[in-house]
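Here are a few exercises to work through with the structure open. Try each task yourself before reading its solution.

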Amino acid sequence: MSKIVIIGAQWGDEGKGKIVDRLAPDMDAVVRFQGGHNAGHTVSAGGRTYKLKLIPSGILHKNKICLVGNGVVLDPREFCGEMDALSAEGLDLSPRRLKISRKCHLILPYHQALDQAREASKAGARIGTTGRGIGPCYEDKAARVGIRACDLEDFDLLRRKITETLKEKNTLLTSLYGQKNLDPETLIAELKPVAARLAPYLTDVSEELSAVESRGGSILFEGAQGAHLDIDHGTYPYVTSSSTVAGNAAAGAGIAPSRLHRVIGIAKAYTTRVGSGAFPTELTGETGKYIQEKGAEVGTVTGRKRRCGWLDAVILRETVRLCGVNDFALTKLDVLSGLPEVKICTEYVYRGRRINYPPQAENGPAEVEPVYESLPGWQEDLSAARAFSDLPEAARNFVARVETLTDVPVSMISVGANREQTVMRRSVPHPAPSAV
Ligand code: IMP
């Protein structure tokens, strides 16, 4: 039995869905613990491509229990839409295996309206959010005026809370942002069928996890976004509104940190970012375009082109420190084939000094100059590699360099979108000697 946390080691979109999918057969349950439908996990399996946003990637495997933890912000209509799409693919989405925490905060139309209105009003200073209402929903949670999934079971309470909260939201929407007024009764009426549909799925996720544990089962904690989009530790304010570091797997799912065994950091062999914010190793010229096109670096949720750049070992080391990463899964190594040289940023120059960590001042990360190490590239197509020895020497050297620079083993390497296009260097789903 093991409890493994999967986190994005960069700014999201590292390919976590594929790695979760790859590890899921050895697990009994997969649980999401933060974020919402701003996440987009693409998994290619059996000739099909599945796009998941809220439902844990374990859903693609029969009999795995899939849980949406309390730390997730859940748009109920979006969730129903995703269930419909996956049912149409023949997947089992029964409440026997798909469960939602009663403590999840709900994203409602006013959250989305506020997110979009705020971004539109900021012109040059946009965060570049996904516009899905994530920030405003977490704001309400912190302000203690949020609507939770359990409120769908008590319509009198739901009506009171929505009516009250809309007084404030409508003032903001109409007076400040020039948007339409939202009618509480219309919203409540829209929620009735959704509430009826979701009712059988609502549960105590903490209790469910404890039951899996007592049966000796293994649990995968599926992070969304990446450590550098973390509300505390990321490149604030260009971050998401949840805690994306491994420690939040415990709070966001309802399990004690002492029960967790292992953290796997997912890192692309290069770096991408969507939305605004500092990106020290960004490549704005031909090489960036090559990576963007070859890696099909377009956001699953928003369809935005992702900004691309070289691998940044400074931010990876920060992730290792923040999250206690035991292993890395290095994804999209195949995308770097065909380049004459590949670079890794090993340090930054910041205000005339060499540093090996991201500066904390708000504009600090945007001011740094990356210090690069250049390695020979490789021309071979890696997509058929299944063992480390199948990789050309230059690619193996690149992987070895990542291990040296981060002091963490690269245990899995992904060389294509499909499930089987994975090099497993050692079996990962086992407890590390010490707890996280
Ligand atoms: P929000 O999470 O929609 O509020 O967006 C805040 C920032 O996080 C923006 O820069 C988004 O592009 C980024 N972001 C949110 N979710 C993801 C994700 O799943 N992958 C990559 N970036 C994301």
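**Exercise 1.** How far is an oxygen atom of the ligand from an N or O atom in the side chain of Thr130?

*Solution.* Start with the ground rules: this is a predicted model, where local features need pLDDT of at least 70, side-chain atom pairs count only at pLDDT 80 or more, and totals for chains, interfaces and linings use all residues. Residues are numbered from 1 along each chain as its sequence is written, and side-chain values use heavy atoms, with hydrogens and water left out.

Now look for a pair of N or O atoms within 3.5 Å, the cut-off for a polar contact. For Thr130, the distance to the ligand oxygen is 2.6 Å.

Finally, check the backbone: a polar atom of Val274 lies 3.3 Å from a ligand oxygen.

**Exercise 2.** Work out how much of the ligand's accessible area the protein covers.

*Solution.* On its own, the ligand has 460 Å² of accessible area (Shrake-Rupley method, 1.4 Å probe). The protein covers 97% of that.

**Exercise 3.** Describe the make-up of the protein chain.

*Solution.* First, list the secondary structure: 12 helices and 20 strands (DSSP runs; helices are H or I with at least four residues, strands are E with at least two).

Then check burial: 57% of the 436 residues count as buried, meaning under 20% relative accessible area with a 1.4 Å probe, protein chains only.

Last, take the box around the C-alpha atoms, which is roughly 65 × 50 × 40 Å along the principal axes.

Technical notes: Polar contact = N/O pair within 3.5 Å; in protein donor to acceptor, adjacent residues only side chain to side chain. Buried < 20%, exposed > 50% of the residue type's maximum accessible area, 1.4 Å probe, protein only.
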